[in-house]
Amino acid sequence: MRALPHAALAVLAAGICLAIVLVMGIDAISRASVTLSFSYAGIEEGLAPDGTWLDLSEFGSEENVRAALGTLGLEQVLDAQTVAKSLAVLPASQEAEEQPYFSASYILCLRLPLSCARIVPARRLLAALCDAYRDGMAARHAVTAQALTGALDRTKGMQGQRAQRYAELVCARAVRFLEMRNREAGTFMDAEGTAFSALLARARQLEEAAGGISLQALEELLEQLERLDGAYVRQTLLNRIVFSEGSGGEGHGCF
């Protein structure tokens, strides 16, 4: 009779251990965290690359969540609002919370409800969220040659010498811009093998052409410049946004 309580206690202890193991296993697939680090100038003042204020809430926005779910093919399976509410963005340094300047690194934490974690591991979803944020930030905050293309559009309402004079100003701006980019980017080339040095040579030819600048040729040049510059800025900006695992998030209020 005395063996029964001991056996019951043994069963109870085994059950508790099993429950702990199950909870730890569930928690491991439902929680993930990474460190987000920026290395471009201006981040310490809270600025995005284009000089606007950096809004870190963009990471947990429904737009970013939907983009991540779309890449995983889960946009019709998981609710974007539920995932967004499962995210936390915190300064990597606790001291930064009390300082008037922005931190250059942040802890991103994701803890999914079990209903979501059964569909996709938190680590995989967090990786997709990071990729979506990086791509979205490059698209939103990149400083590119788009302004030159927009300036050329104004010539469409002009005629004669006025249009030609304005085209000359746009071409001169393109030359200066390309000289700067050529020094900065070095041998950077896009997927088609176009380099800033090649476009610079063409821009100078247009600028020096006898009989005036061909608006069509200038428009084609600027279209190529916009594509090349967009590829360059996106690549350099992405290299300045780094996500690294192993941050843990302990001690940062990370769930």
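Ala88 stands opposite Cys109 in strand E3, where strands are DSSP runs of E with at least two residues and helices are runs of H or I with at least four, both numbered from the N terminus. The model is a predicted one, in which local features need pLDDT of at least 70 and side-chain atom pairs count only at pLDDT 80 or more, while totals for chains, interfaces and linings use all residues. Residues are numbered from 1 along each chain as its sequence is written, and side-chain values rest on heavy atoms, with hydrogens and water left out.

Across five bridges, E2 pairs with E3 (residues 105-111) in the antiparallel sense; pairing requires that DSSP find at least two bridges between two strands. Both strands belong to an open sheet of four, ordered E2-E3-E1-E4 with antiparallel pairing. Strands E2 (87-91) and E4 (241-245) form the edges, each pairing on one side only. From one strand to the next, the twist averages 25°.

Turning to the helices, H7 (residues 160-185) packs on H8 (residues 196-208) at an angle of about 155°, and their axes lie 9 Å apart. Here axes are lines fitted to C-alpha atoms, for helices over the stretch in contact, and angles between N-to-C directions run from 0 to 180 degrees. H7 is therefore roughly antiparallel to H8, given that angles over 145 degrees count as roughly antiparallel, under 35 as roughly parallel, 65 to 115 as roughly perpendicular and the rest as oblique. The contact (heavy atoms within 4.5 Å) brings residues of H7, including Cys171, Val175 and Leu178, to residues of H8, among them Phe196, Leu199 and Leu200. By class, 10 residues of this contact are nonpolar, two polar and four charged; Ala, Val, Leu, Ile, Met, Phe, Trp, Tyr, Cys and Pro count as nonpolar, Asp, Glu, Lys and Arg as charged, and the others, Gly among them, as polar.

A second pair is H5 (residues 122-141) and H9 (residues 215-239), whose axes come within 9 Å and cross at roughly 130°. These two helices, H5 and H9, are therefore oblique to each other. Arg134, Asp135, Met137 and Ala138 in H5 meet Arg234, Leu237 and Leu238 in H9, a contact with four nonpolar, no polar and three charged residues.

As for confidence, the protein chain averages a pLDDT (the predictor's confidence in each residue, from 0 to 100) of 80, and 81% of the residues score at least 70. Helix H2 (residues 62-72) has the highest mean, 95, and helix H1 (residues 3-30) the lowest, 51. Over residues 18-28 pLDDT stays under 50, and the model has two contacts beyond four places in sequence for them.
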